[in-house]
Amino acid sequence: MARLGSARTHRDALRFWTRLGTVRLDLIRLGRIAGIGETPQGFVEVDCITESTRDLANSMSKSPQQVLKGKDEDVLFNIPNVGLDATGKTTVTQAVKDALNGILLRSPPACISQWRTVFDDEPTPIKRAFYAAGNYILASEIAKASTQAPVIIDRYWHSTAAYAIATETSGKVQDLPPAQDEVYQWPEDLLKPDLVLLLTVDPEERVRRLQHRGLEKTKEEAELEANSLFRQRVEESYKRMVNPVCQEVDASPSKEEVVKTVLQLIEKHCALKKQLLNCSST
Ligand SMILES: Nc1ncnc2c1ncn2[C@@H]1O[C@H](COP(=O)(O)OP(=O)(O)O)[C@@H](O)[C@H]1O
Ligand SMILES: Nc1ccn([C@H]2C[C@H](O)[C@@H](COP(=O)(O)OP(=O)(O)O)O2)c(=O)n1
């Protein structure tokens with residue numbers, strides 16, 4: 001395990017605290033995940049080597065939103081889709097990306113996805129650290145891609161937070177942290193999306209889609225299937241997210257209809273964004 005000491009002296013070391021306050025990550029530009037473990041302070045330490053980390057270091061010296069300012073900023077946006085598994089996120093993100101000639105990204109990003117199965121078997125705080133780090137790495141990719149085209153994202157911070165909140169709590173949705181709690185707030189140091197879409201379907205339809213898809217499940221996906229209270233806590237946590245809120249989309253209709261609805265929402269959002277930009281520049 002790479003020691004925290006080396007991270008402290010490393011020029012490119014970056015330190016992040018997740019919103020949930022449980023995990024500290026030291027992302028170091030080395031090229032591979034060197035090790036993980038508990039520091040004496042009880043924090044989880046992850047040394048992560050990705051090309052993106054240097055970009056991230058550069059972008060973190062600016063405010064998260066500043067890094068998005070490209071020359072065509074009035075027409076550019078980034079839109080994550082979130083929701084329970086098998087609600088159609090991957091289907092919709094792909095179709096929207098094609099329709100808008102955009103760029104499709106996902107959380108966790110491709111550059112660390114090969115470690116996913118390893119981290120999914122780790123204790124929860126370490127697994128969360130992995131997904132949280134993924135969101136920050138993804139942010140630097142979004143910032144870069146957003147100067148070229150609209151960016152459509154399959155999951156982002158909302159997913160990490162919703163699953164973390166649902167795991168850290170038990171029982172019914174009434175036992176979740178209250179609606180105004182800061183766990184539902186977007187982290188200040190993470191690039192914000194323009195519009196977050198929460199895809200929802202009724203539980204029976206979701207199970208049908210899950211069976212139809214037939215992919216291997218993560219432990220949490222299996223938990224989602226077995227435990228309807230857990231599922232309700234994840235979905236309710238999504239609904240309580242603020243700044244930005246998750247805009248709910250009924251994903252029960254046909255793929256074509258859902259994509260049409262999503263494109264209309266994006267169009268509406270863009271019109272609003274342009275209006276706001278015009279107002280602020282006059
Ligand atoms: N609107 C829809 N109507 C019917 N089936 C759908 C719809 N959207 C997605 N599906 C199917 O449901 C399954 C899960 O979709 P997927 O996009 O993989 O979900 P997710 O990314 O949310 O896990 C796939 O087999 C997909 O073809
Ligand atoms: N940004 C992310 C992405 C996924 N996760 C976790 C939450 C769940 O345990 C799994 C579900 O992710 P997965 O990509 O397998 O789900 P879908 O393919 O979209 O159905 O990963 C996360 O915590 N944070």
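Is cysteine 246 buried or exposed? At 12% relative accessibility, cysteine 246 counts as buried, where buried means under 20% relative accessible area, exposed means over 50%, and partly exposed is in between, with a 1.4 Å probe and protein chains only. Before we follow that residue inward, a word on the ground rules. This is a predicted model, in which local features need pLDDT of at least 70 and side-chain atom pairs count only at pLDDT 80 or more, while totals for chains, interfaces and linings use all residues. Residues are numbered from 1 along each chain as its sequence is written, chains are lettered from A and ligands numbered from 1 in the order in which they are written, and side-chain values use heavy atoms, leaving out hydrogens and water.

Let us start with the overall layout. The protein chain has 10 helices and nine strands; these are DSSP runs numbered from the N terminus, with helices (H or I) of at least four residues and strands (E) of at least two. Of the 282 residues in the protein chain, 49% are buried.

Cysteine 270 is itself buried, with a relative accessible area of 17%. A disulfide is a pair of cysteine sulfur atoms within 2.5 Å, and by this rule the count comes to zero.

What cysteine 246 does have is a place in the largest nonpolar core. Such a core is a set of buried Ala, Val, Leu, Ile, Met, Phe, Trp, Tyr and Cys residues joined through side-chain atoms within 4.5 Å. This one holds 31 residues, and those touching the most other members are Ile142, Tyr156, Leu190, Val234, Tyr238, Met241 and Cys246. At least two residues of this core come from each of helix H5 (124-145), strand E7 (151-154), helix H6 (157-168), strand E8 (196-200) and helix H9 (228-240). Apart from it lies another core, of 17 residues, among them Phe77, Leu199, Val201 and Val262. In soluble globular proteins, nonpolar side chains tend to be buried together.

Setting aside neighbours within four places in sequence, its contacts include Pro80, Val82, Asn135, Ile142, Trp186 and Leu190.

Now for the strands. All six residues of E5 are buried, so this strand is largely enclosed by the rest of the structure. Asn78, Pro80 and Val82 cover one of its faces, with Ile79, Asn81 and Gly83 on the other. Strand E7 is also covered on both faces: Val151 and Ile153 are buried on one side, Ile152 and Asp154 on the other.

Strands count as paired if DSSP finds at least two bridges between them. E5 (residues 78-83) pairs with E7 in the parallel sense over four bridges; within that pairing, asparagine 78 has valine 151 as its bridge partner, and asparagine 81 has aspartate 154. E6 (residues 103-106) and E7 also pair in the parallel sense over four bridges, with arginine 106 opposite aspartate 154. E5 is joined to E8 by three bridges, again running parallel, and there asparagine 81 stands opposite leucine 197.

The ligand comes next. There are 16 residues around ligand 1, a residue being near a molecule if one of its heavy atoms lies within 4 Å of it. Ala86, Lys89, Thr90, Thr91 and Arg213 come nearest. A polar side-chain atom of threonine 90 lies 2.5 Å from an oxygen atom of ligand 1. For the side chain of lysine 89, an N or O atom is 2.8 Å from a ligand oxygen, and for histidine 212 the corresponding distance is 3.3 Å.

Threonine 169 sits in the loop between H6 and E8 and is buried at 17% relative accessibility. Its side chain reaches the backbone oxygen of isoleucine 165 at 2.8 Å, and a polar contact of 3.2 Å joins its side chain to that of arginine 233. A polar contact is a pair of N or O atoms within 3.5 Å; within protein, one must be able to donate a hydrogen and the other to accept it, and residues adjacent in sequence count only if both atoms are side-chain atoms. Threonine 261, by contrast, is in helix H10 (residues 255-281) and counts as partly exposed at 34% relative accessibility.

Terms used
Contact = heavy atoms within 4.5 Å.
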